[in-house]
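Have a look at the structure below, then work through the notes.

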Amino acid sequence: QLQLVKSGGGLEQSGGSLRLSCAASGFTVRNYGIGWFRQAPGKEREGVSCINDVGRTAYADSVKDRFTISRDHANNTVYLQMNTLKPEDTAVYYCAASRDISVLRLFRSWAQAQKYESWGQGTQVTVSS
């Protein structure tokens with residue numbers, strides 16, 4: 001199971017930073033592709049970032065150069081460092097795990113939610129202008 005432990009608070013001003021944590025239990029994150037997704041009200045869930053089993057990363061264009069995904073083997077945790085936050089980053093954020101080959105190889109379909117079989121609970125991130 002994936003447990004999502006939020007750190008840094010859910011409300012931030014525009015230009016600020018937050019870090020989200022996704023702690024895994026029952027499996028080892030380095031054997032999976034771990035993705036971060038977000039869903040804003042009235043919008044579809046979108047892929048934000050992914051880190052595959054060998055540590056390669058991918059980002060949505062909307063967060064590239066602002067967000068960084070990383071992995072801590074000792075704590076079996078994946079992080080999403082979010083810098084230079086914008087109001088349009090406001091959403092519920094989820095982490096998810098996948099063994100799908102397209103995620104492990106970081107094909108463009110890594111951002112498709114249906115490729116992931118385990119999901120953590122969402123956490124609200126609100127960025128005020």
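Where does Gln124 sit? Gln124 is in strand E11, with helices (H or I, at least four residues) and strands (E, at least two) taken as DSSP runs numbered from the N terminus.

Before going further: this is a predicted model, where local features need pLDDT of at least 70 and side-chain atom pairs count only at pLDDT 80 or more, while totals for chains, interfaces and linings use all residues. Residues are numbered from 1 along each chain as its sequence is written, and side-chain values use heavy atoms, with hydrogens and water left out.

**Strand E11**

- Gln124 counts as partly exposed because its relative accessibility is 37%; buried means under 20% relative accessible area, exposed over 50%, and partly exposed in between (1.4 Å probe, protein chains only).
- The Gln124 side chain reaches the backbone oxygen of Ala91 at 3.5 Å, and it also makes a polar contact with the side chain of Thr126 at 3.3 Å.
- A polar contact here is a pair of N or O atoms within 3.5 Å; within protein, one must be able to donate a hydrogen and the other to accept it, and residues adjacent in sequence count only if both atoms are side-chain atoms.
- Gln124 is 71 residues from Asp53 in sequence, and the two are 27 Å apart in space, C-alpha to C-alpha.
- Ser128 lies in strand E11 (residues 123-128) and, at 28% relative accessibility, is partly exposed.
- Not counting residues up to four places away in sequence, Ser128 touches Glu12, Gln13 and Ser14, where contact means heavy atoms within 4.5 Å.

**Salt bridges**

- Side chains of opposite charge can pair when their charged atoms come close.
- The whole structure has 4 salt bridges, each defined as a side-chain nitrogen of Lys or Arg within 4 Å of a carboxyl oxygen of Asp or Glu.
- Glu46 and Arg38 meet in one of them at 2.6 Å, N to O; Glu46 is partly exposed with a relative accessible area of 33%, whereas Arg38 is buried at 5%.
- Asp61 bridges to Lys64, with the closest N and O atoms 3.1 Å apart. Asp61 is exposed, with a relative accessible area of 66%, and Lys64 is partly exposed at 41%.
- Arg66 pairs with Asp89 at 2.7 Å, N to O. Arg66 is in the loop between strand E6 (57-59) and E7, and Asp89 is in the loop between strand E8 (77-82) and strand E9 (91-98), so this pair ties together parts that are 23 residues apart in sequence.
- Both Arg66 and Asp89 are buried, and salt bridges that share partners join Arg38, Glu46, Arg66 and Asp89 into one network.

**A buried arginine with no bridge**

- Arg71, in strand E7 (residues 67-72), is buried yet has no salt bridge; the nearest side chain of opposite charge is Asp53, 6.4 Å away. For charge, Lys and Arg count as positive and Asp and Glu as negative; His and the chain ends are not counted.
- What does the Arg71 side chain have around its polar atoms? The backbone oxygen of Asn52 lies 2.7 Å from one, and the backbone oxygen of Asp53 lies 3.4 Å from one.
- Leaving out residues up to four places away in sequence, Arg71 touches several residues, among them Val29, Tyr32, Ile51 and Val78.

**Rings**

- There are 5 aromatic pairs: rings of Phe, Tyr and Trp (its six-membered ring) pair if their centres lie within 6.5 Å, with planes under 30 degrees apart counted as stacked, over 60 as edge-to-face and the rest as tilted.
- The Phe37 and Tyr116 rings have centres 4.9 Å apart and planes at 85°, so they are edge-to-face. The pair links distant parts of the chain, 79 residues apart: Phe37 is in strand E4 (residues 33-39), and Tyr116 is in the loop between helix H1 (101-104) and strand E10 (118-119).
- Phe37 and Tyr116 are both buried, and together with Tyr94 and Trp119 they form one aromatic cluster.
- Arg45 lies over the face of Tyr94, at 3.8 Å from the ring centre. Such a charge needs NZ of Lys or CZ of Arg within 6 Å of the ring centre and within 35 degrees of the ring normal.
- Arg99 lies over the face of Tyr32, at 5.7 Å from the ring centre.
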